[in-house]
Amino acid sequence: MPGESLPFLPEGNPTWKSPNLLRPAIHGRASGLEKTRVDLFTDGITNKLVACYTDEGMADALLVRVYGRRTELLVDRETELKNFQVLRAHGCAPDLYCAFQNGLCYQFLPGIALGPDHVRDPHIFRLVAREMARVHAIHANGSLPRPVLWQKLHKYLSLVKTELSPKVSKPRPPQDVPSPEALERELAWMEETLSPLGSPVVLCHNDLLCKNIIYDRTGERVRFIDYEYTGYNYQAFDIGNHFNEFAGVKEVDYGLYPSKETQLQWLHSYLQAYKELTQGHPGDAQVSEEELETLYVQVNKFSLASHFLWACWGLIQNKYSTIDFNFLRYAKLRFKQYFKMKPVVTALQVPK
């Protein structure tokens, strides 16, 4: 809220990663510090986010993001910083002013954070599809990157088993949560089933929920924010994960998952943009029915991995987070949807 103190700001001296970037921002506001306003944003369920500004229209705003408790278990902060800088270099992220021991300070992007209603709007979802294609088209500098998905899933499942199990000989998981043995079997099945689908490995956002998309009506474009989980991953995972987020986070409704018709429109816009960016056919990229159907099948199969990952994430957050959010309920919803959709997407066949 405006004028509130910030008890959760970093203690002690921040560890500046880029001190020279921040100095102009601070010095430019020094004369108006007494007029500085502070807003605490409440939509996040992982970190705490604060906007600092003097201009009523927030034209001079800076954002300070303070990491949630024990989120280092889930997020590699050095990798996050590198990916932020890569995205910024390609015009896909705001300016990063500095990083300190438990947070970041960066440029505020004007616009509205999307909700489930927005991402179903054809005009907006085509902008989202094209922006995702821009991120996916960022080159890996000649290397052959490995997908982060399996490493992350194994890590999260290991945390679920070791961090959350009570110190008894036969720990029992919460009701409606599969046993560790069942989760191990599901992860092995996914790795065996999804890896051979042939989805390209590209630079992915990996957490494209609605609130991580900012729509700027003035410039008629969207920008993605929050790069904690950004990394090289399967193209189809990033898209399938976004489609799962059509259901929302705080009030989850999987009836909002996009229909096949909506998905095909979205995927056509994406493929057209991706081919233009990667194959050098600006304004003239053709998308075949086979390409479209193949990506549709890959995306919906990889959406299972998205449910599994965020369900495990929810169990870990449930133990450590101080954010006011029912992480256990969320984890149970994601597991339930995983098992509901597994037979449906297993039946889908990639065109021969």
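Leaving aside neighbours within four places in sequence, which residues is Val-75 in contact with? The residues are Glu-80, Glu-228 and Tyr-229, where contact means heavy atoms within 4.5 Å. Val-75 is placed in the loop between β3 (62–66) and α2 (77–89). Helices (H or I, at least four residues) and strands (E, at least two) are DSSP runs, numbered from the N terminus. Val-75 has a relative accessible area of 3% and is therefore buried. Buried means under 20% relative accessible area, exposed over 50%, and partly exposed in between (1.4 Å probe, protein chains only). From C-alpha to C-alpha, Val-75 and Tyr-227 are 9.9 Å apart in space, and they are 152 residues apart in sequence.

The structure is a predicted model, in which local features need pLDDT of at least 70 and side-chain atom pairs count only at pLDDT 80 or more, while totals for chains, interfaces and linings use all residues. Residues are numbered from 1 along each chain as its sequence is written, and side-chain values use heavy atoms, with hydrogens and water left out. The predictor's confidence in each residue is given by pLDDT, from 0 to 100. The chain has a mean pLDDT of 84, and 85% of its residues reach 70 or more.

The chain contains ten helices and ten strands. Of its 352 residues, 50% count as buried. When contacts between residues at least 6 apart in sequence are considered, 74% join residues at least 24 apart.

Helix α9 (residues 289–320) takes part in a packing with helix α6 (residues 180–194), and the two axes come within 11 Å and cross at roughly 150 degrees. Axes are lines fitted to C-alpha atoms, for helices over the stretch in contact, and angles run from 0 to 180 degrees between N-to-C directions. Because of this angle, α6 is roughly antiparallel to α9. Angles under 35 degrees count as roughly parallel, over 145 as roughly antiparallel, 65 to 115 as roughly perpendicular and the rest as oblique. The crossing of α6 and α9 is left-handed. A crossing is left-handed if the near helix is turned anticlockwise from the far one by less than a right angle, and right-handed if clockwise. On the α6 side the contact is made by Leu-183, Glu-186, Leu-187, Trp-189, Met-190 and Leu-194, and on the α9 side by Lys-301, Phe-302, Leu-304, Ala-305 and Phe-308.

Tyr-338, in helix α10 (residues 327–346), touches residues that include Glu-186, Trp-189 and Met-190, as well as Leu-304, His-307 and Phe-308, not counting residues up to four places away in sequence. Tyr-338 has 0% relative accessibility and so counts as buried. Its C-alpha atom is separated by 6.6 Å from that of Phe-308, 30 residues apart along the chain.

Helix α8 (residues 260–279) also packs against α9: the axes come within 10 Å and cross at roughly 115 degrees. At this angle α8 is roughly perpendicular to α9. α8 and α9 form a right-handed crossing. Among the residues of α8 that meet α9 are Leu-264, Leu-267, His-268 and Leu-271, and their partners in α9 include Leu-292, Leu-295, Tyr-296 and Val-299.

Two loop residues were examined for backbone geometry. Most residues other than glycine have a negative phi. Asn-206, not a glycine, has a positive phi of about 75 degrees. Asn-206 is in the loop between β7 (201–204) and β8 (213–216) and is buried, with a relative accessible area of 5%. Glu-220 likewise has a positive phi, near 50 degrees. Glu-220 is in the loop between β8 and β9 (221–224) and is partly exposed, with a relative accessible area of 35%.

Finally, cysteines were considered. A search of the whole structure finds zero disulfides, a disulfide being a pair of cysteine sulfur atoms within 2.5 Å. For Cys-52 the closest cysteine sulfur, in Cys-105, is 7.4 Å away, too far for a bond. For Cys-105 the closest is in Cys-98, at 4.7 Å, which is also too far for a bond. Cys-105 counts as buried, at 5% relative accessibility.
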